[in-house]
Amino acid sequence: MVALSFRTMIVPVLLLVVALAAGPVRADEPMRLPVDAAALDVIGADGETKARFDLEIARTGAERARGLMHRTDLPEDRAMLFVFDAEAPRSFWMQNTPTSLDIIFADGAGMIVRVAERTVPFSTAPIRSGAPAQYVLEVHAGTAERLGIAAGDRLVHPAIGAP
């Protein structure tokens, strides 16, 4: 028989108590993912960097489903990158999203295939990629126009094109 110390037994119990006290995550609470260590660059056709964003990365189905819903506090220099397993036609909507966004669709190599500018908050109208996309970048509305981000530019980040 193994003797357990008080410390070994109490730590898991305390963690459980804290988790239960916090209660379940409400569906209308914003999701905030950790900021990735690497920034994302948008590179123009001329090879010059057009923009750099700090990223929150939505990798799982649950994270991609929540995205920026209910968020009103996204800093101007931050974006959310949605990472999918493979290229496919993509469709997003703005349901429960109070902030207008630019939605940037990119293929498996990170090449931008479409920029949907100034989406309508709370809309359930589909916003389609128009071509197969594996990555989707959401930024504040007007950012793409202000920085000249367009189809044919490339997204560069370690999560893009990684196996």
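This is a predicted model: local features need pLDDT of at least 70, side-chain atom pairs count only at pLDDT 80 or more; totals for chains, interfaces and linings use all residues.

Residues are numbered from 1 along each chain as its sequence is written, and side-chain values use heavy atoms, with hydrogens and water left out.

**Stop 1: the rings**

Select Phe82, Phe84, Phe92 and Phe105, which ring pairs link into a cluster. Rings of Phe, Tyr and Trp (its six-membered ring) pair if their centres lie within 6.5 Å; planes under 30 degrees apart count as stacked, over 60 as edge-to-face and the rest as tilted. By this rule there are 3 aromatic pairs.

Zoom in on phenylalanine 82 and phenylalanine 92: the ring centres are 5.0 Å apart and the planes stand at 90°, so this pair is edge-to-face. Phenylalanine 82 belongs to strand S3 (residues 78-88) and phenylalanine 92 to strand S4 (residues 91-92), so the pair ties together parts that are 10 residues apart in sequence. Helices (H or I, at least four residues) and strands (E, at least two) are DSSP runs, numbered from the N terminus. Both phenylalanine 82 and phenylalanine 92 are buried. Here buried means under 20% relative accessible area, exposed means over 50%, and partly exposed is in between (1.4 Å probe, protein chains only).

Now move from phenylalanine 92 to phenylalanine 105. Their ring centres are 6.0 Å apart with planes at 85°, so this pair is edge-to-face. Phenylalanine 92 sits in strand S4 and phenylalanine 105 in strand S5 (residues 101-106), so the pair ties together parts that are 13 residues apart in sequence. Phenylalanine 92 and phenylalanine 105 are both buried.

Which ring does arginine 90 lie over? Arginine 90 is over the face of phenylalanine 84, at 3.8 Å from the ring centre. A charge sits over a ring if NZ of Lys or CZ of Arg is within 6 Å of the ring centre and within 35 degrees of the ring normal.

**Stop 2: salt bridges**

How many salt bridges does the structure hold? There are 7 salt bridges, each being a side-chain nitrogen of Lys or Arg within 4 Å of a carboxyl oxygen of Asp or Glu.

Begin with arginine 52 and aspartate 41, whose side chains meet in a salt bridge (2.6 Å, N to O). Arginine 52 lies in strand S2 (residues 49-58) and aspartate 41 in strand S1 (residues 40-43), so the pair ties together parts that are 11 residues apart in sequence. Arginine 52 is exposed at 57% relative accessible area, whereas aspartate 41 is buried at 13%.

Next, select lysine 50 and aspartate 153, which form a salt bridge at 2.8 Å, N to O. This pair links distant parts of the chain, 103 residues apart: lysine 50 is in strand S2, and aspartate 153 is in the loop between helix H3 (143-147) and strand S9 (154-156). Lysine 50 is partly exposed at 30%, and aspartate 153 is buried at 4%.

Finish this stop with arginine 78 and glutamate 56, a salt bridge with the closest N and O atoms 3.3 Å apart. Glutamate 56 is buried, at 1% relative accessibility. To show the network of salt bridges around them, select Arg32, Glu56, Arg71, Asp73 and Arg78.

**Stop 3: aspartate 102**

Go to aspartate 102 in strand S5. Aspartate 102 is buried yet has no salt bridge, and the nearest side chain of opposite charge, arginine 118, is 5.7 Å away. (Lys and Arg count as positive and Asp and Glu as negative; His and the chain ends are not counted.) Look at the backbone of arginine 118, though: its nitrogen lies 2.8 Å from a polar atom of the aspartate 102 side chain.

**Stop 4: two loop residues**

Most residues other than glycine have a negative phi. Select histidine 70, in the loop between helix H2 (61-66) and S3: its phi is positive, about 65°. Then select asparagine 96, in the loop between S4 and S5, where phi is positive and near 65°. Histidine 70 is partly exposed at 22%, and asparagine 96 is partly exposed at 29%.

Technical notes:
A polar contact is a pair of N or O atoms within 3.5 Å; within protein, one must be able to donate a hydrogen and the other to accept it, and residues adjacent in sequence count only if both atoms are side-chain atoms.
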